[in-house]
Every structure is written in C-alpha cells, then in structure tokens.
Amino acid sequence: MEKSKQSIVPVILQDNQTHRRTVENSSAQKVVAHLKNGQTELFIYEGIKPSTLRVLLSEMTINEAR
C-alpha cells in the first residue's frame, strides 16, 4: 500500500486595502430574504447580483446535504 506524499506550500497573506468594499450606510440596505436551514443562515440584501445569489444558494444546498 503506497502512501501519497503531501506537500507543504508556503502562503503569504497580504492585506490589500484597495480591493475592500465598505458599506458606509448599512441601514440603507434592506433585507429582502432571510433563509435558515439547519446550521446555515443566509441574509439576502436588496441589490444582490443574480449570479452571486445563485452561488450562495447552491453552496447553502451543498453544505446542508453533507
């Protein structure tokens, strides 16, 4: 029985302020849906992109199936 060799790859995490989006007025965004299933909870806010919503819902479904 042959064991597979694992490699350790060094990773450097950098805090890049230019790629961060901050919400200055969080009260302006309205929650349009709140989904809770088991230990997974998802708040959907007004203005979410359909592609992002699709990914979040599919991830939520996959995680609950495990």
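Student: In which element does Lys36 lie?
Tutor: This is a predicted model, in which local features need pLDDT of at least 70, side-chain atom pairs count only at pLDDT 80 or more, and totals for chains, interfaces and linings use all residues. Residues are numbered from 1 along each chain as its sequence is written, and side-chain values use heavy atoms, with hydrogens and water left out. Helices (H or I, at least four residues) and strands (E, at least two) are DSSP runs numbered from the N terminus, and Lys36 lies in strand E1.

Student: Is Lys36 buried or exposed?
Tutor: Buried means under 20% relative accessible area, exposed over 50%, and partly exposed in between, with a 1.4 Å probe and protein chains only. Because its relative accessibility is 60%, Lys36 counts as exposed.

Student: Leaving aside neighbours within four places in sequence, which residues is Lys36 in contact with?
Tutor: Contact means heavy atoms within 4.5 Å. Lys36 and Met60 are 24 residues apart in sequence, with their C-alpha atoms 9.5 Å apart in space. Once its neighbours within four places in sequence are set aside, the residues in contact with Lys36 are Glu41 and Met60.

Student: In what order do the elements of the protein run from the N terminus on?
Tutor: The secondary structure of the protein comes to one helix and two strands. Read from the N terminus on, these elements run β-β-α.

Student: What percentage of the 66 residues in the protein is buried?
Tutor: Val9, in the segment before strand E1 (31-37), is not among the buried residues, because at 60% relative accessibility Val9 counts as exposed. Of the 66 residues in the protein, the buried ones make up 5%.
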